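Biologist: Hi! Could you walk me through this one before I plan my afternoon?

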Amino acid sequence: MNFKKIGVVGGGVMGQGIAEMLAARGLDVLLVEKNNEKLDHAYSMIETSLDKKLEKWGITPAEKKLTLSRISKVTHFAELGSCDLVIETISEDLEAKKAVFAQLDQVCPSHITLASNTSALSLTEIGSSTMHPERVIGMHFIYPVASINLVELIRGLKTSDAVVEAAKYFVEETLDKKGIMVYESPGFVSTRLICTLINEALHVLEEGVASAQDIDDAMRIGYQFNRGPLEMCDRFGLDSVLAALEGMFREYGDIKYRPAFILKKMVRAGQLGTKTGEGFFKYDKDGDKL
């Protein structure tokens, strides 16, 4: 399998990052959203991201133009039938993902690989909504997509060896990222570990042990993290972290995965991190910390 034309379903933060990264690698991308308004917003955010790279001399104006030219805006799933690979990047809602895969199964011929960017949900269950679960695989990209050179490749119970091999080749040879193989388990490797750290940081904050900034500085400076756990939570999206923790708590039954109450409270208040401009810290419209 040679993946050259890629569908990306969902124009949120992860969808934007994946679409931009794929286009920058010379691949044709079909970006799918529910309506033109959401599509235009996603496209404008990709353009903003490229402008930032342009300002820092990371790319040239020609490279920006070429990257954007490779991204086509699509509102109908039927157009994905011409892709080699489709990556779903919608919110961490199992039923919503299953509905997307059921639709993709109807419009994409059986040779097209269907991947989910889920960070914690069951690939076997997602694949069960299709007639061809052998072509369903997990490709968990980590935020920020362009600069994190790791992808978790998760196989469901029925994922075929051919699909796994093709996905690993695509990630390592085409995208030049390290692909690690993960057998299905709630939270996989990266989400399970990082969400446990974030949750403990939330408990420390809740208990008044230290401020949000000092907690982050402790890990960022003391242990050379690029970002502290609370800023990571903001950038992942508080709602996404909550969904991952609740899923792991439900599956494992271990109290260490029970979400801190402050996380639930902030999600209920609509303070979801960079996507809303405020979480544990405040951010400008470009997602830069204020």
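Modeller: Let's start with a helix pair: α2 and α3 run roughly antiparallel to each other, a label for angles over 145 degrees, with under 35 roughly parallel, 65 to 115 roughly perpendicular and the rest oblique. This is a predicted model, where local features need pLDDT of at least 70 and side-chain atom pairs pLDDT 80 or more, while totals for chains, interfaces and linings use all residues. Residues are numbered from 1 along each chain as its sequence is written, and side-chain values use heavy atoms, without hydrogens or water.

Biologist: At what angle do the axes of α2 and α3 cross?

Modeller: They cross at roughly 160° and come within 10 Å, with α3 covering residues 61–69. Axes are lines fitted to C-alpha atoms, for helices over the stretch in contact, and angles run from 0 to 180 degrees between N-to-C directions. Helices (H or I, at least four residues) and strands (E, at least two) are DSSP runs numbered from the N terminus.

Biologist: Which residues make that contact?

Modeller: From α2 you have Y43, I46, E47, L50, D51 and L54, and from α3 P61, K64, T67 and L68; contact means heavy atoms within 4.5 Å. By class, the contact of α2 with α3 has 6 nonpolar, 1 polar and 3 charged residues. Nonpolar is Ala, Val, Leu, Ile, Met, Phe, Trp, Tyr, Cys and Pro, charged is Asp, Glu, Lys and Arg, and the others, Gly among them, are polar.

Biologist: And how do α10 and α11 pack?

Modeller: α10 (residues 238–252) and α11 (residues 261–268) have axes 9 Å apart, at an angle of about 135°. That makes α10 oblique to α11. L238, D239, V241, L242, L245 and E246 of α10 meet L263, K264, M266 and V267 of α11. Sorted by class, the contact of α10 with α11 has 7 nonpolar, no polar and 3 charged residues.

Biologist: What about α8 and α9, at what angle do they cross?

Modeller: The axes of α8 (residues 212–222) and α9 (residues 229–236) cross at roughly 105° and come within 7 Å. That makes α8 roughly perpendicular to α9. A212, I215, D216 and M219 in α8 meet P229, L230 and E231 in α9.

Biologist: I spotted I215 in there. Is I215 buried or exposed?

Modeller: I215 counts as buried because its relative accessibility is 9%; buried means under 20% relative accessible area, exposed over 50% and partly exposed in between, using a 1.4 Å probe and protein chains only. Leaving aside neighbours within four places in sequence, I215 touches A201, V204, L205, A210, P229 and L230.

Biologist: Changing topic: which residues touch the most other members of the largest nonpolar core?

Modeller: L22, I87, M139, F141 and F170, out of 36 residues in that core. A nonpolar core is a set of buried Ala, Val, Leu, Ile, Met, Phe, Trp, Tyr and Cys residues joined through side-chain atoms within 4.5 Å. Elements giving two or more residues to this core include β1 (5–9), α1 (13–24), β4 (85–88) and α6 (161–174). There is also a second, separate core of 25 residues, with M232, M248, A260 and M266 among them.

Biologist: What does F141 touch?

Modeller: Not counting residues up to four places away in sequence, F141 touches M14, I18, M21, I87, N117, V151 and L175.

Biologist: Where does V32 sit?

Modeller: V32 is in strand β2, and V32 is buried at a relative accessible area of 2%. Beyond neighbours within four places in sequence, V32 contacts V8, V9, G10, G11, L39, V74, F77 and L80.

Biologist: Is Q224 buried or exposed?

Modeller: Q224 counts as exposed, at 71% relative accessibility, and Q224 sits in the loop between α8 and α9. F188 is buried, with a relative accessible area of 3%, in the loop between β8 (178–183) and α7 (190–206).

Biologist: Great, thanks!
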